[in-house]
Amino acid sequence: MMNDPGKMRYKLTFQQLTVIPDDKCEQIEVWTNLITVHCAVSQFTGTEKVQARQEITESDVTFTVRWSHTLAALNEQDYRIIFKGKIYDILFINDPQLAHEKLMISAKERGENYVVPEPQS
């Protein structure tokens, strides 16, 4: 296992992309929460840029989580991460030495906040 489990003091949520038809039979993409887990976080790089008169901050981060069958099935296209109110796209998932002890997930912050959807009535 990890050398220092105390480093896994943060929580993140994995979301799964689902495509469903709407009332007009058009396909819409919906992100649903899959699982929330504890993680360790290490930040590698960060950039700031101005786009459409807004300052956008992006950062590349590595999240370390405990290995599980659910998390081992993740991929870069159909899943994303919500961490501290920000959306992160998954870039790469690594199971070091294929030991099934931890997963190291490289991700890029999208530069947009996650807004909790309103309940449908």
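**Charged pairs**

Modeller: Let's begin with Lys108 and Asp60, whose side chains form a salt bridge with an N to O distance of 2.8 Å. Lys108 belongs to strand β6 (residues 102-113) and Asp60 to strand β3 (residues 54-66), so this pair ties together parts that lie 48 residues apart in sequence. Strands here are DSSP runs of E with at least two residues, and helices are runs of H or I with at least four, numbered from the N terminus.

Colleague: Before we go on, what should I know about the numbers?

Modeller: This is a predicted model, numbered from 1 along each chain as its sequence is written, and local features need pLDDT of at least 70, side-chain atom pairs count only at pLDDT 80 or more, while totals for chains, interfaces and linings use all residues. Side-chain values use heavy atoms, leaving out hydrogens and water.

Colleague: Which residue does Lys86 pair with?

Modeller: Lys86 forms a salt bridge with Glu109, at 3.9 Å from N to O. Since Lys86 sits in strand β5 (residues 86-94) and Glu109 in strand β6, this pair ties together parts 23 residues apart in sequence. A further salt bridge joins Asp89 and Arg110 at 2.9 Å, N to O. That pair also links distant parts of the chain, with Asp89 in strand β5 and Arg110 in strand β6, 21 residues apart.

Colleague: How many residues does the largest nonpolar core have?

Modeller: In soluble globular proteins, nonpolar side chains tend to be buried together. A core is a set of buried Ala, Val, Leu, Ile, Met, Phe, Trp, Tyr and Cys residues joined through side-chain atoms within 4.5 Å. The largest one here has 17 residues, and Leu12, Phe14, Phe63, Val65, Ile81 and Ile105 have the most contacts inside it. At least two of its residues come from each of β1 (10-21), β2 (27-51), β3, β4 (79-83), β5 and β6.

Colleague: What is Phe63 in contact with?

Modeller: Contact means heavy atoms within 4.5 Å. Setting aside neighbours within four places in sequence, the contacts of Phe63 include Leu12, Val41, Ile81, Tyr88 and Ile105.

**Backbone and confidence**

Colleague: Where is Cys25 placed?

Modeller: Cys25 lies in the loop between β1 and β2. Its phi is positive, about 60°, although Cys25 is not a glycine, and this residue is exposed at 65%. Leu98, in the loop between β5 and β6, has a positive phi of about 50° without being a glycine, and is exposed at 66%.

Colleague: Where is confidence lowest, and where is it highest?

Modeller: pLDDT is the predictor's confidence in each residue, from 0 to 100. The chain has a mean of 86, with 80% of its residues reaching 70 or more. Confidence is lowest in β3, with a mean of 82, and highest in β4, at 96.

How values were computed
A salt bridge is a side-chain nitrogen of Lys or Arg within 4 Å of a carboxyl oxygen of Asp or Glu. Buried means under 20% relative accessible area, exposed over 50%, partly exposed in between (1.4 Å probe, protein chains only).
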